[in-house]
Amino acid sequence: MTKADLLLRLRERLAHPSTSDEIVRILRVPRLERPAIKRHLRQLVTDGLLVRVRGHLYALPRERRRTEEPARAPVSELVGRFERDRLGQAY
């Protein structure tokens with residue numbers, strides 16, 4: 001199974017974040033193909049087509065809605081305190 005096939009099947013069947021073992025079980029991957037599928041999962045994360053959640057769960061990234069941000073007035077004045085410690089670090 002190629003990465004493209006795997007991604008397509010994940011989009012069809014993956015309803016919630018799952019471990020690699022759960023994904024293999026959901027997709028009914030034969031035992032001999034499992035190491036390749038796990039490599040493909042890691043590569044899909046590297047490519048940004050899949051995300052890791054909580055370190056060990058794989059999930060499809062959510063589609064982000066693009067919203068326009070309201071225009072902000074330019075900052076012309078800042079108020080604050082500038083301090084420098086004895087080593088010369090400024091805050």
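1. Contact here is heavy atoms within 4.5 Å, and buried is under 20% relative accessible area, exposed over 50%, partly exposed in between (1.4 Å probe, protein chains only). Helices are DSSP runs (H or I, at least four residues) and strands likewise (E, at least two), numbered from the N terminus.

2. A word on provenance: this is a predicted model, with local features needing pLDDT of at least 70 and side-chain atom pairs counting only at pLDDT 80 or more, while totals for chains, interfaces and linings use all residues. Residues are numbered from 1 along each chain as its sequence is written, and side-chain values use heavy atoms, leaving out hydrogens and water.

3. Back to α1, where L6, L7 and L10 are the buried residues. They share one side of the helix because their arc around the axis is only 100°, taken from the directions from the helix axis to the C-beta atoms. Exposed A4, R11 and E12 are on the face turned away from that buried side.

4. The largest nonpolar core has 13 residues, and L6, L10, I23, L27, I37, L41 and L50 touch the most other members. Such a core is a set of buried Ala, Val, Leu, Ile, Met, Phe, Trp, Tyr and Cys residues joined through side-chain atoms within 4.5 Å. At least two of its residues come from each of α1 (3–13), α2 (20–26) and α3 (34–47).

5. Look at I37 too: beyond residues up to four places away in sequence, I37 touches M1, L6, V24 and V29.

6. Finally, P61 lies in the segment after β2 (57–59) and counts as partly exposed because its relative accessibility is 38%. Its contacts, leaving aside neighbours within four places in sequence, are G48, L49, L50 and V51.
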